[in-house]
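User: I would like to go through a structure step by step. Could we begin once it is on the screen?

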Amino acid sequence: MTFDEALANATRLLSFAEADATNLALMERLESLADSWLSVAALITERERV
């Protein structure tokens, strides 16, 4: 897994959330998953600095 892949996953999930703004529960779940991918991206960046 690379930083770019994790960021792409987060971006894709946020796009899905925006596209289905009528389903609040799904939108919140997708945003939560996107946040998780952003955390993964941050961990990858931190690991690469060491």
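User: Which helix is Leu26 found in?

Analyst: Leu26 belongs to helix α2. Please keep in mind that this is a predicted model.

User: Is Leu26 buried, exposed or partly exposed?

Analyst: Leu26 counts as partly exposed, because its relative accessibility is 34% and that class lies between the limits of 20% and 50%.

User: What about Arg49, where does that lie?

Analyst: Arg49 also lies in helix α2. With a relative accessibility of 70%, Arg49 counts as exposed, since the limit for that class is over 50%. The C-alpha atoms of Arg49 and Asp20 are 37 Å apart, and the two residues are 29 places apart along the chain.

User: Let us change topic. At what angle do the axes of α1 and α2 cross?

Analyst: The axes cross at roughly 165° and come within 8 Å of each other. That angle makes α1 roughly antiparallel to α2, because angles over 145 degrees fall in that class.

User: Which residues make the contact?

Analyst: From α1 they include Phe3, Leu7, Asn9, Leu13 and Ala17, and from α2 they include Met27, Leu30, Glu31, Trp37 and Ile44. The residues of this contact divide into 17 nonpolar, two polar and one charged.

User: Left-handed or right-handed, that crossing?

Analyst: α1 passes α2 in a left-handed crossing.

User: Which residues form the largest nonpolar core?

Analyst: That core has six residues, namely Ala10, Leu13, Ala17, Met27, Leu30 and Ala34. Helices α1 (3-19) and α2 (24-49) each supply at least two of its residues. As a general point, nonpolar side chains in soluble globular proteins tend to be buried together.

User: How far is Ala17 from Arg29 in space?

Analyst: Their C-alpha atoms are 8.5 Å apart, and the two residues are 12 residues apart in sequence.

User: What does Met27 contact, leaving aside its neighbours within four places in sequence?

Analyst: Met27 is in contact with Ala17, Asp20 and Ala21 on that basis.

User: One last residue. Is Asn9 buried or exposed?

Analyst: Asn9 is buried, at a relative accessible area of 15%. Asn9 is found in helix α1. Apart from neighbours within four places in sequence, Asn9 is in contact with Met1 and Trp37.

Conventions: Residues numbered from 1 in each chain as written. Predicted model: local features only at pLDDT ≥ 70, side-chain atom pairs only at ≥ 80, totals over all residues. Heavy atoms only, no water. Core = buried A, V, L, I, M, F, W, Y, C linked by side-chain atoms within 4.5 Å. Buried < 20%, exposed > 50% of the residue type's maximum accessible area, 1.4 Å probe, protein only. Helix = DSSP H or I, 4+ residues; strand = E, 2+ residues; numbered from the N terminus. Contact = heavy atoms within 4.5 Å. Axes fitted to C-alpha atoms, helices over the stretch in contact; angles between N-to-C directions. Parallel < 35°, antiparallel > 145°, perpendicular 65-115°, else oblique. Left-handed = near helix turned anticlockwise from the far one by under 90°. Nonpolar A, V, L, I, M, F, W, Y, C, P; charged D, E, K, R; others polar.
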